Amino acid sequence: MVRSLWTAATGMNGQQSNIDAISNNLSNVNTTGYKQQRVEFEDLIYQDIKLAGTPATEDTVTPVGIQQGSGVKIAATQRIMKQGSLQNTGVDTDIAIVGEGFFRVQKYDGSYAYTRDGSFKVDSNGQIVNSNGLRMQPEIILPEGYDVSTMNISVDGRVSVKVNGGNEPVDVGQIQLYRFPNAVGLQADGDNLFVETNASGQAIAGRPGFEGMGTTRHKFLEMSNVSVVNEMVQMIVAQRAYEFNSKAIQTSDNMLSTAVNLKR
């Protein structure tokens, strides 16, 4: 009887974590480049009361055994790396990735981080940086006298601007994209950044549109890939599963109460 109380409690804890992940997805529905997170579950260890194949008679064995489970636990919180929708912003420094790949920026400690958030800016030194001032890698520095309204970024990542009112654009840099053998193994670091892990494998650099890399779209941003309708359905399912487990606890409690009241 006590087993069912603890088993149902693991179910409630698991569904609470599921709701937490759904809430995080919904709160980031307008976050540029956000990738949906999914909770995956697996069952806990079983107690073998009778093993399958145990001899029943001299010539026969039992076809099935008796096992009692201990509940559920979270196995993983996986990122769904599917493409988000593109939004035409008209902003000269906005860049979206269509297909596979990440932008790379350098953090304050000198390490690298990766992002799908292409809402870049130009700092006082003419360098292309993200919203937190982290520099895009490889660095792209716009020359003095540049006109940002003339900036053009091709689908293969070539950046050009017109300088000092000139008529001909000048190439100022080449955007590199980075992909991973196992992109879902990246660790989310906040601020729309991911960092490399042993699970993700090492970053593979490439030019947009070549060697399996996606292409770049100038004056576009990739939006979150969260589907609000799907998340609401998942929330309903998680809520009902939470209620089912709470009912199992109440039922176990009522059965214990019945047993206690046998002798008055």
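Reader: What makes Val 229, Val 233 and Val 237 a nonpolar patch on the surface?

Author: Together these three residues have about 260 Å² of accessible area, a value that comes from the Shrake-Rupley method with a 1.4 Å probe, with only the protein chains shown counting as cover for residues. The model is a predicted one, in which local features need pLDDT of at least 70, side-chain atom pairs count only at pLDDT 80 or more, and totals for chains, interfaces and linings use all residues. Residues are numbered from 1 along each chain as its sequence is written, and side-chain values use heavy atoms, leaving out hydrogens and water.

Reader: Why is Val 229 called exposed?

Author: Its relative accessible area is 60%, and exposed means over 50%, buried under 20% and partly exposed in between (1.4 Å probe, protein chains only), so Val 229 counts as exposed.

Reader: Why does Asn 28 count as buried?

Author: Asn 28 has 16% relative accessibility, which is why it counts as buried.

Reader: What makes the link between the side chains of Asn 28 and Ser 27 a polar contact?

Author: The distance is 3.4 Å, and a polar contact is a pair of N or O atoms within 3.5 Å, where within protein one must be able to donate a hydrogen and the other to accept it, and residues adjacent in sequence count only if both atoms are side-chain atoms.

Methods: Patch = residues over 30% accessible without salt bridge, like charges linked within 9 Å, V, L, I, M, F, W, Y side chains within 5 Å. Salt bridge = Lys/Arg side-chain N within 4 Å of Asp/Glu carboxyl O.
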